[in-house]
Amino acid sequence: MNKNLVVETDNLTKTFLGKEVIKGCNMHVETGMIYGFLGANGAGKTTVFKMLSGLLTPTMGKARILGMDIISQRGGILSEIGTIIETPIFYEHLSATENLEIHLAYMGKDNSDIVSALAKVGLNDTGSQPVSTFSLGMRQRLAIARAIIHKPKLLILDEPINGLDPIGIREMRDFFIELVKTQGVTILISSHILSEIEHLADIIGVIVNGTIVSEVSMTKVKAEYPSGLEAYFMDIMNGRRGHENTN
Ligand SMILES: Nc1ncnc2c1ncn2[C@@H]1O[C@H](COP(=O)(O)OP(=O)(O)OP(=O)(O)O)[C@@H](O)[C@H]1O
């Protein structure tokens, strides 16, 4: 195992009803990096994220997070990661603060940072307003607050900017970059908004039909594709570019 890797998977495989949707998936996410995980609809991004977060059990293969095995050491991993996967579920009748209090109690942490976490995501003036009255963007902001409030070392974010307005997208981008710079957090993020990944990511991983076919630095992508990440992604999708792995 490579000590610099926060996430390392070795031939991870997931079968649903006899169909292999993740096949021999090898992912390498280095400490302090923002890893942009790209793939077409149905390629397998959410399934990989669910296995890493303990929501699904792999059919075969291995994965380690912060050196811990995702199956045998699942309990140890949960307090070290923050996740947004699919539509976040909240206690609808409770406020943002109360939802975060419950989350922190579940994580066994104290409540001291709730005010600042809500301020960071722009929800500090929601008071006792129940989550059931929140807009899509407000729910997404609360999901981000919940993902970061227990100070995880790794964030796994599946389409985290869904529903955010342009200002919110910009704020969250700056916020994620600040988390990496000031707290050494590692971020694994998926988005279909390639321009956003281009702004954020240090490393790009591309999954095609359940297999990661490419892991390259954004610097390399920019050098080879001055027009941007979309051209690189399209070349992979169209088979104009071979598989590559810098790890
Ligand atoms: N519980 C399940 N049972 C059966 N098939 C599933 C299940 N979950 C996912 N799949 C299938 O696994 C494949 C990968 O789905 P997944 O949601 O991981 O893709 P994705 O890359 O996140 O897609 P999108 O970009 O559309 O969100 C799809 O073919 C999907 O239909």
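**Chatting through a predicted fold**

Student: Where does Leu12 lie?
Tutor: Leu12 is in strand E1, which covers residues 5-16. Strands (E, at least two residues) and helices (H or I, at least four) are DSSP runs, numbered from the N terminus.

Student: How are residues numbered, and what kind of model is this?
Tutor: Numbering starts from 1 along each chain as its sequence is written. The model is predicted, so local features need pLDDT of at least 70 and side-chain atom pairs count only at pLDDT 80 or more, while totals for chains, interfaces and linings use all residues.

Student: Back to Leu12. Buried or exposed?
Tutor: Leu12 is buried, because 27 other C-beta atoms lie within 10 Å. The cut-offs: buried means 20 or more other C-beta atoms within 10 Å of the residue's own, exposed means 12 or fewer, and partly exposed is in between, with C-beta atoms placed from the backbone.

Student: What does Leu12 touch, leaving out residues up to four places away in sequence?
Tutor: Leu12 touches Ile22, Cys25, Met51, Pro58, Gly61 and Ala63. A contact here means C-beta atoms, placed from the backbone, within 7 Å.

Student: And how far is Leu12 from Lys62?
Tutor: Their C-alpha atoms are 5.7 Å apart. Along the chain, Leu12 and Lys62 are separated by 50 residues.

Student: What is the phi of Leu66, and where does Leu66 lie?
Tutor: Leu66 has a positive phi too, about 50 degrees, and it is not a glycine. Leu66 is in the loop between strand E5 (60-65) and strand E6 (68-69). With 18 other C-beta atoms within 10 Å, Leu66 is partly exposed.

Student: Let's zoom out. How many helices and strands?
Tutor: The protein chain has nine helices and twelve strands.

Student: What radius of gyration does the chain have, and what would a compact globule have?
Tutor: The protein chain has 18 Å, and a compact globule of 247 residues would be near 18 Å, so the two agree. The radius is taken over C-alpha atoms, and the globule rule is 2.2 Å times the number of residues to the power 0.38.

Student: What does the C-alpha trace span?
Tutor: Along the principal axes, about 55 × 40 × 35 Å. Buried residues are 42% of the 247 in the protein chain.

Student: What share of contacts joins residues 24 or more positions apart?
Tutor: 67%, taken over contacts in the protein chain with a separation of 6 or more.

Student: Helices next. How do H3 and H5 pack?
Tutor: Helix H3 (residues 96-107) and helix H5 (residues 136-148) meet at an angle of about 30 degrees, with axes 10 Å apart. That makes H3 roughly parallel to H5. Axes are lines fitted to C-alpha atoms, for helices over the stretch in contact, and angles run from 0 to 180 degrees between N-to-C directions. Under 35 degrees is roughly parallel, over 145 roughly antiparallel, 65 to 115 roughly perpendicular, and the rest oblique.

Student: Which residues make the contact between H3 and H5?
Tutor: From H3, Ala96, Asn99, Leu100 and His103. From H5, Leu142, Ala145 and Arg146.

Student: Last one. Where is Ser53, and what does Ser53 touch beyond four places in sequence?
Tutor: Ser53 is in the loop between helix H1 (45-52) and E5. Ser53 touches Ile81, Thr83, Ile85 and Ile156, leaving out residues up to four places away in sequence. Ser53 and Thr83 are 7.5 Å apart, C-alpha to C-alpha, and 30 residues apart in sequence. Ser53 counts as buried, with 21 C-beta neighbours inside 10 Å.

Methods. Two residues are in contact if their C-beta atoms, placed from the backbone, lie within 7 Å.
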